[in-house]
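Subject: Structure handover and findings

Hi,

Please open it first, then read the notes below.

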Amino acid sequence: MAAARTDVVAIRDRLAAGEALLDRYLDSPDSLDGQERERRRTLVELARTGRPEVDYRGLGIGQYAAAATEQARQLLVVDTDLAPLMIYAAGLRGRNPETLKELPAAHRILEDRAVVVTLTKRRRGKANSRTTVHWSTDADPARRLRTVGGFYLLLHEMMARSRALSKTASLWSIWAGNGSGRTTNAATGGHVGPFDAELARKLHLGRWALRHGLLGDDGRPLNLRLTRMRYLRKDPFVREWAAEILTEAITDAHDQTLAVVAPSRREGSEADQLRAGAGELDTLAASCLDIDHHPVHGGRCRESFLACLDCPNAMVLERHLPTLLALADMLRADLERRDAEQWVRRHGRTWQIITAGILPRFTAAQHANAARAAARPPRRPPGDAMTTLTSAVVAWQPVPAKALVLAERPLREDAVPEETSVFADDVWILDSALLRADRRPTSLKFAGLPAAHVTVAKHLFYALLTQDTPPGERPITIASIHSYFSCTRRFFLWAQPRAESLAELTAQDLAAYHHEVGGLRQVPGSTRRHRRAVRMLWAYRTRLPVSQRLVCDPVRIPDWQAWARTQTHRGGENLTERIPEQVMGPLLTWALRWVDDFADDVLGVRTVRAALDARPAPCLDPLPALARLLAEFRERGTPLPATPRGRGGQRIPATANITHLGRLMGCGRGLEKSTAAARLIEEAAVDLGIAEDSYLDHRVRGRLDGRPWLAEFSYYDVPRHLSLLQTACWVVIAYLSGMRDSEIKHLKRGCGTALQDPGGKVYRHELTSLAFKGEADPRGVTARWIVTAPVARAVAVLERLQPDTQAFLFTPAGGRALTVSRLPAAGRVAGSTTTVTKLAAFTVWVNDYCATTGRTDRIPDVNGRPPHLTTRQFRRTLAWFIARHPAGAIAGALQFRHQRIQMFEGYAGTSDSGFRAEVEAEEALTRGQLLADSATDPDRPRLTGPPARKPNSAWPRSPATPSSRARSSPIKPAY
């Protein structure tokens, strides 16, 4: 990429110099000498006609073409320029070479912040062959190579002269000479769209790599192909290169956060995808997006469910995975009983579609969940395999009273399975299955449900907890189960006066409940959860008592379907809004002030307060000690400490804080009951007065604009300041690392690493924590993130903030910090809801401080209200900065632990106006694995495009484990 960028810069500068020379020749023709006049004539003629004029006299054989090319290079892009331009384009965004070669010249500019281009994507099939993207641009011409939109506009500008003559609709247009043989370009003066005739035009990438001395890992000249630019995730050199990009991008985010840009916008999606996601369009093994229009005959589809696997109307989702794995097992078993050739004729295509086309698209975690579901004893009677798969009636057996509800869940290491809750308990304690430190203690309390519905509720949530999922459903987390329990309780309370049994509820009743939920005026996500809770009573009906089963599927009710069609939720697109830059700027500035300037003072007063809070011995005679203390106050001339603030910031006026005086004396209780002590305090109060608060003996060292940032510290404000300091550290880490809140909360002492060069200079910082999302292990996997120096300083502050015996860096930093070690593992650190509350408190403190001190750098309101900050927004906002850097999408996918670069593109957005990025559902394999897999498996078949649908082997592979071509478990650093 560095070599390609160098060549691109040289091409840009060469053409700019030619244009500048042409302008000078046109502006001052009379100031030129004879030789300059001749050069002016040829250059002006080249600009007018696009044809280089070369005097062939005196030139040897083969020298004319070189001389013509050299003259054309002054104003035009030539054939040899294509290699670095294409390499840089491929590395900048990681797209298919075919898509890049067919980039159109037609585009739109949106608010000077983004360029809109319609791409051709031949590997998606006819229905998805075109897609519109929004690429960000940069107003600074010097930064045009740092954004995809900027580079596109640069290419458009550099090839504009040639495009006017070649008349191509493509972005690419070069001067290629008059051609030879069957290829002649004389009609256009040698100007052509290089990829108009064929996409396979030779770019001579090998020559370009050899000219730059690029070598492969074996020391031989690099075999460079554009397709390899997309699959380099596991390469250690690429990881190092990506780390450099991340360091630069995060630093750029740190430096540019103070800039103000427009807010983000969002768009919607088609209702059919939402209905498919909700399970409304399910067949046995897929979801049918258009069952009324068969792709061949156009009528209503009446094919076998096996035909869905090769149908363009089908959509396969994760909940279909258990059924597909079961079907694959049945086909494998059938192979043992049948002749191989006969099996291939009957099932070969189905097998190939499942194992090569569908299963590799699911992650390792999804395969693991499906495998666990398949490993559980079936609750259906034995019989013919295909009959069992399609059977709709399953015998129901009640759950034994002593059955452990967490028997199928992984438990904490300190948990005793025999001591966990059983089915008969009225309260199911789920803490033992909470494997993350940021999860709050959770339980399901059935006593609050109507008595008539307790049994059905227990059977439903027993099935959810034991992951006894019916076909089409997928296991859900403990946190989701607890959320659905609240929604289910609302439904049961609503149903109680209407029916003793769920079987008595009609479609009209369920429609009425839908309107009841809609009247709550909740956000769409909450409404979906309430609807989903009722839908689970239908989906899990075979796990429930027969008398308590719903008689109809709620999503088939017209009122339910009408609501679903009005929703614009897109399951594959991240809709989290970025934090407005006018908010993020002062927020990060104040967070860094707390980390760099205020931390020493806050930690210092924490030590002073801890010394005062040490349990003193009871004073038998407190009067002498009190007299000495009051004498010290008189000697310093300082007023006595005041009583603490009450609610609303009010306090009893002119009252000395006797309790705090007792702390200063080092005596325990007893001072409050002494009449003589009260008289001494009253006399001292008359002489010295009473302060505004109970201040600590600490000299403020932190400076803000050259002055102490606080005059004094109140004893009672120390917990608040500790919480604010911890929140400031969270802001710095979250924004400048891109880590999720759960990943930040699992940072431990010693998590930071500083990488040094041989000279001892630190050139990069890394953080180590646990990642959970998308991982096969619910306990999390160790992962690393590239960070910058401010994050390293924030981690150092957090390590000082916590006691040496505490491993986690985000245990409560307030008044309960000393008792947190006695809490269970679950809930040891605060969850995301608490963090959101603390972010709001941090904003309030900053704005109150600015109002009190007359500062103008407050955190501004958004739409007339204080900004509502969530933990997800910080990661989303940083993603935009990373995506703006060359090849930032590749580096961002590594940093954000996304398995697909397209996922990061959709996550980051594509412009500072907030225009939604294209959300690609690539049919290709996840990026970053082809290169490594090719090295370890040279015989691996390469299936791409339409031929991938055809079986390339008569012998099946086992789908029990995801194929090596589709490993999508998170990639761990090699170092």
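Predicted model: local features only at pLDDT ≥ 70, side-chain atom pairs only at ≥ 80, totals over all residues.

V829 touches A437, D438, K745, F808, F810 and T811, leaving aside neighbours within four places in sequence; contact means heavy atoms within 4.5 Å. V829 sits in the loop between α26 (789–801) and α27 (832–853). Helices (H or I, at least four residues) and strands (E, at least two) are DSSP runs, numbered from the N terminus. V829 is buried, at a relative accessible area of 3%. Buried is under 20% relative accessible area, exposed over 50%, partly exposed in between (1.4 Å probe, protein chains only).

Residues are numbered from 1 along each chain as its sequence is written, and side-chain values use heavy atoms, with hydrogens and water left out.

Next, α27. T843 is in this helix. T843 is buried too, with a relative accessible area of 4%. Not counting residues up to four places away in sequence, T843 touches I859, P867 and L869.

Now the cores. A nonpolar core is a set of buried Ala, Val, Leu, Ile, Met, Phe, Trp, Tyr and Cys residues joined through side-chain atoms within 4.5 Å. The largest one has 64 residues. W594, W709, I733 and F874 have the most contacts inside it. Two or more residues each come from α20 (581–613), α24 (718–737), β15 (762–771), β16 (781–787), α26 and α27. Which element gives the most to this core? That is α20, with 15 residues. W594 is in contact with A599, V602, W709, H721, L724, L725, A728, F842 and W845, again leaving aside neighbours within four places in sequence. Another core lies apart from the largest one. That core has 52 residues, among them L411, F446, Y462 and I478.

Two helix pairs are worth a look. Axes are lines fitted to C-alpha atoms, for helices over the stretch in contact, and angles run from 0 to 180 degrees between N-to-C directions.

- α16 (residues 478–495) and α18 (residues 524–539) pack at about 75 degrees, axes 9 Å apart. That makes α16 roughly perpendicular to α18 (65 to 115 degrees; under 35 is roughly parallel, over 145 roughly antiparallel, the rest oblique). The contact residues include F491 and F492 of α16 and R529 and R532 of α18. By class, the contact has eight nonpolar, three polar and three charged residues. Ala, Val, Leu, Ile, Met, Phe, Trp, Tyr, Cys and Pro count as nonpolar, Asp, Glu, Lys and Arg as charged, and the others, Gly among them, as polar.
- α21 (residues 622–636) and α22 (residues 658–665) cross at roughly 95 degrees, with axes that come within 10 Å. They are therefore roughly perpendicular to each other. P622, A625, L626, L629 and F633 of α21 meet L661, L664 and M665 of α22. This contact has eight nonpolar, no polar and no charged residues.

Last, α19 (residues 558–566). W560, Q561, W563 and A564 are its buried residues. They cover an arc of only 160 degrees around the axis, so they are on the same side of α19. The arc is that of the directions from the helix axis to the C-beta atoms. P558 and T566 are exposed on the other side.

Best wishes
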